[in-house]
Amino acid sequence: MVMPQHCLSPVFGSSLWLASIALMVQPLMSSSAATYKRPVSGGTGQGFMDRTLILLDVNTRSPLKTLNENFLSLQLDPSIIKDGWLDFLSSKRLVTLARGLSPAYLRFGGKRTDFLQFHNLKNLAKSRGGPGPDYYLKNYEDDIVRSDIALDKQKGCKLANHPDIMLELQREKAAQMQLVLLKEQLSNIYSNITITARSLDKLYNFADCAGLHLIFGLNAFHRNPDNSWNGSRALGLLKYSAGKKYNLSWELGNEPNSYRAMVSRALNSSQLAQDYTQLRTLLQSVRYYSRANLYGPNIGRPRKNAILLLDGFMKNAGSAVDAVTWQHYYIDGRVAKVSDFMKTRLLDTLTEQITKVLKVVKTHAPGKKVWLGGVGPAWAGGTNNLSDTYAAGFLWLNTLGMSAMQGIDVVIRHSFFDYGYNHLVDQNFNPLPDYWLSLLFKRLVGPRVLAVHVAGLQRKPRPGRVIRDKLRIYAHCTSFQKLDPQGQALETFSIRVSQAEKIKLAGTLRNKTVHQYLLQPAGGEGLQAKSVLLNGEPLVMVDDETFPELKPRTLRAGRTIAMPPTAIGFYVIKNVNAYACRR
């Protein structure tokens, strides 16, 4: 039985990229991580003959969509100023990890965007405050100042090797401040955050060193008595940044549909449109930013009120923004369970939300680019030992796959590194599972999206329903620059929420050599592991500036691809000579 097309597979050059994820079977969903046993990579364990056989072909004649080269992008929350981590963005290791995901946008924004106060001061060390014993004020803050002085003496990219004791003290400080930040998040009551000129310099240095384009979110809560936006403070930041010749793009505010709950002040679509029109005029008044990009309006989850706000905004100010932005978080981090991350109904919520947003944008501004301007596994800061583990990878790859298939131009992951539990890098500067998944995506998957054709063969009836409910397969051309300069390979990936499956390449893909990149959880934590294996080998940084070699496993031509349970797989299909992937 031939199923409707499922499209989203990155293809680089002449290769095809196929990524597949086999999620846990239903019995595993209800079992604990302690009873989880990692399946043998590509093995033929018990029940192999009972798997559904999936026949896979890809339309290589023309791409469905062509995405932004910065499709997978990153976010930093302004909370890194408050918990002190901004002072450590010059770390060689952090810069190396961020550079691994370039080219990308770096959005500096989040819930605390509208509480940022810019002051054109170089150093506020004496007034930093925050929880902690006296040595924070005496030794720790002095170390920060000395580090800043040393960085100022460097030319070009400013990088630092922070002493272990300094990092340990920072982790203690951040751990205490995280309690404050999470309390604000849960209560929806936030305190102001001061961003100094020095802080802005550090932020830009990080983005510039890592090859990321910085998008800065301006405070929309500076209002006049008539509720219009007051841009006087933003003008000071614009002038300072222009004087430093910082190449920036801009946003205004975050989730305007939630302002009533946050500050008891609602913002209707007409006023929101006026605010963005005013900001566009303000940018044009600063010569250096007269042609800078402006993105917005950054609505939250597109439910009824948010959609009405977006509709009115697009009607009155759709031309003011270079791309329309909105946000999506899958689940409430306060109540999430590991089994929730395996539910296909949860995965499907993203498709529904994308459809709503695209409908509004196409009505008022056909052809306008749409960005998923903030996305993560869970809201409310995420869930410890869940949204920062291997289990979150199913939601993340689903986000990348479905967004590309439906034409979302950029997806910004909240967050690269900060407080909470939705980040890609932990506070020991170690990459988490979603980081490695993102790195593989960046290395393998190109911007051209291809149509996938699948059919299911199995002993039991209803193969179509099995494919629709349990299996998503995406295909892209591979990366021209990094993997396939001649355009002769194809990349595919899929998400499997069921038992292990077999995939047989058909049509134009038949009898092609395949390079397999199979991710599985490492250690005994199962789905809640915070480290991963690639083709059975642990993925760890060699040192602060060196990534491990991402070696594929070569599958001989014509071999059936076996998808183990709880595995995330990327497959590069070689020598396809796809017309859609030619340069």
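## Lys245

Lys245 counts as exposed because its relative accessibility is 58%, and the cut-off for exposed is over 50%. The model is predicted. Lys245 sits in the loop between helix 7 and strand 9. Its phi is positive, near 60°, and Lys245 is a residue other than glycine. Helix 7 comes before it in the chain.

## Helix 7

Helix 7 covers residues 232–243, which makes 12 residues. At 1.5 Å a residue they should span 16 Å. The end C-alpha atoms are 17 Å apart, so the two values agree.

Which residues of helix 7 are buried? They are Ala234, Leu237, Leu238, Tyr240, Ser241 and Ala242.

## Asn577

Asn577 also has a positive phi, about 55°, and is not a glycine. Asn577 lies in the segment after strand 23 (567–573). Is Asn577 exposed or only partly exposed? Its relative accessible area is 45%, so it is partly exposed.

## Cis peptide bonds

Ser102 and Pro103 are joined by a cis peptide bond, with omega about 0°. Pro103 belongs to the loop between helix 3 (92–99) and strand 5 (104–108).

A cis bond also runs from His414 to Ser415. Here omega is near 15°. Ser415 is in the loop that links strand 13 (410–413) and helix 13 (433–444).

How values were computed. Residues numbered from 1 in each chain as written. Predicted model: local features only at pLDDT ≥ 70, side-chain atom pairs only at ≥ 80, totals over all residues. Heavy atoms only, no water. Helix = DSSP H or I, 4+ residues; strand = E, 2+ residues; numbered from the N terminus. Expected span 1.5 Å × (residues − 1). Buried < 20%, exposed > 50% of the residue type's maximum accessible area, 1.4 Å probe, protein only.
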